[in-house]
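Please walk through this model with the sequence at hand. The text below goes from the helices to the domains and then to the metal site.

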Amino acid sequence: MNKYLEQLVELAKYDTQIGSFEPKIKSQKEKLEEFSKDALSLKEQINKLESDIKDIKSKKSKHEAHLAELKDKLSDISKKGAIVQTEKEIKALQLEEEITKEQISFSNEEIERLDNLQNNKNETLKEAIAKLSEEEESIKELQVAIENSINDINVERNDVSMKRGELVEKIDSKILSFYEKVRRWAKNTSVVPVRKQACYGCYMKISDKTYAEVIKSEEIVTCPHCGRILYKEIEITE
Ligand SMILES: [Zn+2]
């Protein structure tokens, strides 16, 4: 193969490699974001549970205060019971006593229900807190792993950039600027092989004349259809 063409094939390989590093780093960072999102939703769940528990406690204390009032009322009723004379007064007092007792038992039931609810919420809260601490632990581990992996990628990137720099110094400036022009639009498919007499950038057949030029490879040949730089690969026997 022509020396210039060989250099371009190598240069295109480096450029493709260099272009692949950024997405690799991005995907690592996205992984971390996914974990952070989970931790955030756990924190929200914990906040909600804590506020629910606060509400329950406040409702419970209202019922307890009411219960104390009802018990005072009941003792008043029993004191009055010793004084009342008429049948009518006795009946009214009995009715009042009945209603008060009903209210007491309702408040007791409510307090019991709220107690159960609070216990359940406390249990869920405990689980969520444990899960969050686990999640935070794996985030820390992941952060270290991702940092290492990004460091590795950067080392590789520097290595490839250095090799590319060394190669660029050797390449004829006209050929280099021609390559850069093609690369501006063709990106990673700027230098493509010819297979089955077709350009592997646009997949169109090339003429026998162009094909012969590619095989000879005395100079840089471009695809007459798309303008990509063509080269002949070493034939792989089928
Ligand atoms: Zn083409």
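A residue is called buried under 20% relative accessible area, exposed over 50%, and partly exposed in between, using a 1.4 Å probe and protein chains only. This is a predicted model, in which local features need pLDDT of at least 70 and side-chain atom pairs count only at pLDDT 80 or more, while totals for chains, interfaces and linings use all residues. Residues are numbered from 1 along each chain as its sequence is written, and side-chain values use heavy atoms, with hydrogens and water left out.

Start with helix α1, residues 3-83. Helices here are DSSP runs of H or I with at least four residues, strands are E runs of at least two, and both are numbered from the N terminus. Gln7 sits in helix α1. Is Gln7 buried or exposed? Gln7 counts as buried because its relative accessibility is 9%. Which residues does Gln7 touch, leaving aside neighbours within four places in sequence? They are Leu167, Lys170 and Ile171, where contact means heavy atoms within 4.5 Å. Gln7 and Leu167 are 160 residues apart along the chain, yet their C-alpha atoms are separated by 7.3 Å.

Now look at the charged side chains. A salt bridge is a side-chain nitrogen of Lys or Arg within 4 Å of a carboxyl oxygen of Asp or Glu. The structure holds 16 of them. In helix α1, Glu34 and Lys37 are three residues apart, about one turn of the helix. Their side chains meet in a salt bridge at 3.5 Å, N to O. Lys37 is exposed because its relative accessible area is 52%. Glu34, at 43%, is partly exposed.

Helix α2 covers residues 87-170 and holds Arg113 and Glu110, again three residues apart. The closest N and O atoms of this salt bridge are 3.1 Å apart. Arg113 is partly exposed at 44%, but Glu110 is buried at 17%. Glu123 and Lys126 also lie in helix α2, about one turn apart. Their salt bridge has an N to O distance of 4.0 Å. Glu123 is partly exposed at 42%, and Lys126 is exposed at 55%. Elsewhere, salt bridges that share partners join Asp15, Arg164, Glu180 and Arg183 into one network. One link is between Arg183 and Asp15, at 3.8 Å, N to O.

Next, the domains. The assignment, automatic or from a database, gives domain 1 (3-171) and domain 2 (175-232). Their C-alpha centres lie 58 Å apart. Eleven residues of domain 1 are in contact with twelve residues of domain 2. About 1100 Å² is buried between the two domains, and carbon and sulfur atoms give 77% of it. Buried area is the accessible area (1.4 Å probe) that two parts lose on being put together, summed over both. Two salt bridges cross this interface.

Finish at the zinc ion. Its protein donors are the SG atoms of Cys199, Cys202, Cys223 and Cys226, 2.3 to 2.4 Å away. Donors are N, O and S atoms within 2.8 Å of the metal (3.2 Å for Na, K and Ca); water is not among the atoms, so sites may look incomplete. In sequence the donor residues follow the spacing C-x2-C-x20-C-x2-C. Cys199 lies in strand β2 (residues 198-199), and Cys223 lies 24 residues apart from it, in the loop between β3 (221-222) and β4 (229-232). Cys199 is buried at 0%, and Cys223 is buried at 3%. Why is the arrangement tetrahedral? The four donor atoms subtend angles of 106 to 115° around the zinc ion, and four donors count as tetrahedral if all angles lie between 85 and 135 degrees.

Definitions and conventions
Four donors count as tetrahedral if all angles lie between 85 and 135 degrees; four count as square planar and six as octahedral if opposite donors are over 155 degrees apart and all others between 65 and 115; anything else is irregular.
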